[in-house]
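Me: Please examine the model shown below with me. I should like to go through its helices and loops by question and answer.

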Amino acid sequence: MSEQKRGIKGRVYLSDEQVLAAGHQFGCGRFVYNRLLEFSQERYFTDKTKTSPKDRSLELTRLKTELPWLREVNAQSLQQTGRALDSAYKNWIDSITGKRPDQVKPPKFKKKSQRQSARFTRGSFSFRNGVLHLSKIGDMHIPWYRRVKGAPSSLVLSMTPSGRYYVSFQVEQPLRAIGSATNRCVSVDSNTKTFHFFNGRTWSRVELPRPLLAALSRLRTAQKHLSRCTKGSQNREKARIKIAKIHQRVIDIRTDFLQKLSTQLVHENQVIFVETLRIKNMLKNRRLAPAISDAGFGDFIRMLEYKCKWYGRTLIKVDTFFPSSKLCCVCRQKNAELKLQDRWKGPNPECQTEHQRDENAVVNIFVEGLRILAEGRSVSACGGTVRLACELKHVPVKQETSLETSSHAA
């Protein structure tokens, strides 16, 4: 088996004393991060002087000298907090200068109500007989659901807004061998309600769980109660935690569905064709933004990317501006007048064929992906190389829909 660097994340349960110690560690790290960010901003706004990582390190040393309570927590974790601010500044500058393709915003001040984290480097933690020991916090048992081998170089203890504690790190682990793929190629198309698949012969679709839509009623009631609470009161904190738990459940349902679906696709298919989506531009539509966010398109493509890399599959991305919905998959004529609300494409004047919008789009993505694969464009592919052994066996020439519905895909 080949070794692959993988991220491991597990939930931990802390005692009352450990909760206080972890909260002290989070609070000191948050204070140091905000103070170093304020120090950098003041120097720039005062005399236009840029602060280097060395200057911020000296400022951290001065803070530990003046404030003795900063010496009560793990010192290496505070140093990692300063390095995290250095990385945030570097990513922001790289996005401005064009070294990064994505857009990164400048560093912001951390809040107590958001996710809290602390990084522990080697020497400040240890694994002994399945028990994790963290410096200044103590021993904690992690109920692993898989065998973990290897020695991580660093470890992150985090707390979600709902009050859960997690431990995450990266280790080199052997990949589990998977069998040969049942299908050669498959294309994936998505809308706000379903994922559509086409393997050259048959269609299939999977309904999205849409957990945010199911939780909107409870979330609305909880947010109304929060708005009536007095700021700084215990009742307001309880109401905030209740809302955070609702959001946490929504995230858990969506992540579980996408993880199982992406794993099934990677195990059953050698080549996967997907359409590149610009989620940020799609979210500008106020009416569709909640449904688009609830579907998790970006997370799904990200999962396909790293899983294809792990297991030697090929992922090919079709360009965003490829007219998959407006192009007829039979006569290849483009219908420029097709609008977003038109879910059914009427008879084409050239071939007199009626299409269902999502069926037509997934077939076009399949054909375009085959063309990209035949040209040998390895820039948009991840994983190992494969032979082109799939052909288009069926095209939608029937008048009625021909969907092979799958109710359970994970």
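Reply: Strands, as named here, are DSSP runs of E with at least two residues, and helices are runs of H or I with at least four, numbered from the N terminus. The model is predicted.

Me: In which loop is Lys136 found?

Reply: Lys136 is not a glycine, yet its phi is positive, at about 70°. Strand β4 covers 131-134 and strand β5 covers 138-141. Lys136 therefore belongs to the loop between β4 and β5.

Me: How far apart are the end C-alpha atoms of α1, and what span should its residues give?

Reply: Helix α1 has 32 residues, 16-47. The expected span is 1.5 Å times one less than the number of residues, so α1 should span 46 Å. The computed separation of its end C-alpha atoms agrees, at 47 Å.

Me: What is the orientation of α1 to α2?

Reply: The axes of α1 and α2 (residues 53-66) come within 10 Å and cross at roughly 125°. Angles over 145 degrees count as roughly antiparallel and 65 to 115 as roughly perpendicular, so α1 is oblique to α2.

Me: Which residues of α2 make the contact with α1?

Reply: The crossing of the two helices is right-handed. On α1 the contact is made by Val32, Arg35, Leu36, Phe39, Ser40 and Arg43. By class, the contact has five nonpolar, one polar and six charged residues. From α2 come Asp55, Arg56, Glu59, Leu60, Arg62 and Leu63.

Conventions. Residues numbered from 1 in each chain as written. Predicted model: local features only at pLDDT ≥ 70, side-chain atom pairs only at ≥ 80, totals over all residues. Heavy atoms only, no water. Axes fitted to C-alpha atoms, helices over the stretch in contact; angles between N-to-C directions. Parallel < 35°, antiparallel > 145°, perpendicular 65-115°, else oblique. Left-handed = near helix turned anticlockwise from the far one by under 90°. Contact = heavy atoms within 4.5 Å. Nonpolar A, V, L, I, M, F, W, Y, C, P; charged D, E, K, R; others polar.
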